[in-house]
Amino acid sequence: MNKAQLRKMYKQLRANLTTDQIEEFSLAIANQLLSLKIWNHTFYHLFLTIEEQKEINTDYILNILSGKDKNIIISKSHFEDYSMTHYLLMDNTRIKKNKYNIPEPVDGIEIQPTQLDVVFIPLLAFDATGHRVGYGKGFYDRFLAQCKPETLKIGLSFFEVTDAPFEVLDNDIKLDYCVTPDQVYAF
Ligand SMILES: Nc1nc2c(c(=O)[nH]1)N(C=O)[C@@H](CNc1ccc(C(=O)N[C@@H](CCC(=O)O)C(=O)O)cc1)CN2
Ligand SMILES: Nc1ncnc2c1ncn2[C@@H]1O[C@H](COP(=O)(O)OP(=O)(O)OP(=O)(O)O)[C@@H](O)[C@H]1O
């Protein structure tokens, strides 16, 4: 299968989930994350849930991070050039949905990708070597290329690894881990 076919298939699988399943699986993913040795860092980048796309509810992870007093970084997406800018989440950060229903900070203290220690990554499918299928606009491929080589890249997925081979391009950056409700994959 090619990436476009996998994208379509996994979007459909996600669309079939009930609201209860989304909550249950999102909580299970957050609990799995607690078993990883990733908690002695400072700057954690997290995506904010596009509810309309039935994405993982990352509020559970937000709660873990704020409970551990970590610096939480969230992004604005720029669809003109598929780039992202990153901001420190603070108590007074105003969040507004953009036209793609992505919740984003209105303004704030900008953080550079090189400052990030851990990045949690949304995805549609992943394979046994840690390659990822996303929305196909290259937002995360570009962003991850700007991070330090040692930045931990952690995919989050409702579904298990796919056996279907898909094309891997030179730009594709591999995950270090992928976490599902039932498992942690290390690559
Ligand atoms: N929460 C979250 N934030 C994220 C991502 C993500 O996957 N999840 N991204 C990861 O790359 C980037 C945004 N990527 C996006 C890429 C395309 C569309 C988009 O084309 N939406 C269309 C069609 C959606 C559909 O196929 O149904 C639309 O809403 O009209 C939205 C977001 C950066 N921020
Ligand atoms: N570092 C980069 N600089 C410029 N363009 C890039 C870079 N990385 C990826 N791209 C482009 O972005 C697009 C991403 O396509 P790809 O099929 O890899 O998406 P994907 O695996 O769904 O990932 P993503 O979630 O990042 O969209 C391709 O057109 C690719 O050429």
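Predicted model: local features only at pLDDT ≥ 70, side-chain atom pairs only at ≥ 80, totals over all residues.
Mentor: Residues are numbered from 1 along each chain as its sequence is written, and chains are lettered from A and ligands numbered from 1 in the order in which they are written.

Trainee: In what order do the eight strands of the open sheet stand?

Mentor: Strands of a sheet pair through backbone hydrogen bonds, either parallel or antiparallel. Strands are DSSP runs (E, at least two residues) numbered from the N terminus, and two of them pair if DSSP finds at least two bridges between them. Here the order is 6-3-2-1-7-10-11-12, with mixed pairing. Strand 6 (110-111) and strand 12 (184-186) each have a single partner strand, so one side of each lacks a neighbour in the sheet.

Trainee: In which sense do strand 2 and strand 3 pair?

Mentor: Strand 2 (residues 71-78) and strand 3 (residues 83-88) are antiparallel, with six bridges; Lys76 has Thr85 as its bridge partner in strand 3.

Trainee: How many bridges join strand 7 to strand 10?

Mentor: Strand 7 (residues 118-122) and strand 10 (residues 152-156) run parallel and share five bridges, and Val119 is partnered by Lys153 of strand 10. Strand 10 also pairs with strand 11 (residues 177-179) in the parallel sense over three bridges, where Ile154 has Tyr177 as its partner.

Trainee: Which residues are the closest to ligand 1?

Mentor: A residue is near a molecule if its C-beta atom, placed from the backbone, lies within 6 Å of it. Ligand 1 is surrounded by 15 residues, the closest being Phe47, Tyr100, Pro122, Tyr135 and Phe139.

Methods. Helix = DSSP H or I, 4+ residues; strand = E, 2+ residues; numbered from the N terminus.
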